[in-house]
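Student: Could you walk me through reading this one?

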Amino acid sequence: MQNRDFSEALDAAITGNRLNRTVSKKLQRLLNKIFLEGPLRPLKNFANGSWLEHPLHPLLTDVPVGAWTVTILLYLAALLFGMNELGIAIALAMGLGILAALAAIATGFMDWMDVDPTELSIGFTHAVVNSFGTLLFIVAWALLFTAQWQVSVANFIPALVGYGVIAGGAYLGGTLVFRFGTMINRNAYRSGPKEFTPVVAFEDLADNKPTRFVVQGQPVLLVRHGQRVYAIGAVCSHYGAPLEQGTIHGSTIECPWHYSRFSLEDGSVKTGPATAPVPLYETDVKDDKIWIRVLRVAQTVSPH
Ligand code: FES
């Protein structure tokens, strides 16, 4: 009998739920239709954080967690020490948390619609749990408002329960990133030849056809434009798509899965949803061969 730790048992229970699987698959398909295949794709890329060169969702989730922690502390101060004048401060902290949580939910769904099937159910549960927690804070805020900012146990209870629910949602978010590797840079551990290394005969590399080579164990994409040769990582930083199956657009290559575009010149992201660049290699042509050496990978910008 296989021993499972708590996290594995929880993941198995969630992914084993057929209703969850069915609903999340349908919703993912619908979001793909609306945001990936339609004219709203720039909106999705914005929500993914490509413009920020960092995923937007994890930045936004920090705001409600902080604001609602302040909310709970102010509530405790008000209820335990009779500081009823804290009602408006509580409403402000709670309201800020609600607004940021709504933005976090929207950006989270834009990230979730790209996840692999194994992460779909857990991501969906993470969203549902956090949405429910947010709803409880909205109820608490409304009760506080109708009580004219008078703090009471009645408006504290939904906030306290919501805080616990959000903690559960955060646990699942952590599982997604730290156990499943969702949204991590797929080139985080790449390295590459530090010294110029021969890859292929210049004449054997077809013009304008992205081609993958494995050089010292690293997947490298070569693209030849006439006499010029580009070399970047062959794995999309977003979800690991094989970039040799992508499409060349001028001096960029478009990923075949979610259409991120990377510059062939420097590996940078030109269009999301990717937020991290792909590795970059310096090229040289010597003795009719193409040589490369690493110029930039995630853990070191310039090893030379
Ligand atoms: S794998 Fe998603 S854009 Fe490349």
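Student: Which residue of β6 stands opposite histidine 249?

Tutor: Threonine 252 stands opposite histidine 249. This is a predicted model: local features need pLDDT of at least 70 and side-chain atom pairs count only at pLDDT 80 or more, while totals for chains, interfaces and linings use all residues. Residues are numbered from 1 along each chain as its sequence is written. Helices (H or I, at least four residues) and strands (E, at least two) are DSSP runs, numbered from the N terminus.

Student: How do I read a sheet?

Tutor: Strands of a sheet pair through backbone hydrogen bonds, either parallel or antiparallel. Two strands count as paired if DSSP finds at least two bridges between them. Here β5 and β6 (residues 252-254) run antiparallel and share three bridges. The open sheet has four strands, ordered β5-β6-β7-β8, with antiparallel pairing. β5 (247-249) and β8 (269-271) are at the edges with a single partner strand each, so one side of each has no neighbour in the sheet.

Student: And helix packing: at roughly how many degrees do the axes of α5 and α6 cross?

Tutor: Axes are lines fitted to C-alpha atoms, for helices over the stretch in contact, and angles between N-to-C directions run from 0 to 180 degrees. The axes of α5 (residues 87-112) and α6 (residues 117-146) come within 10 Å and cross at roughly 155 degrees. That makes α5 roughly antiparallel to α6 (under 35 degrees is roughly parallel, over 145 roughly antiparallel, 65 to 115 roughly perpendicular, the rest oblique).
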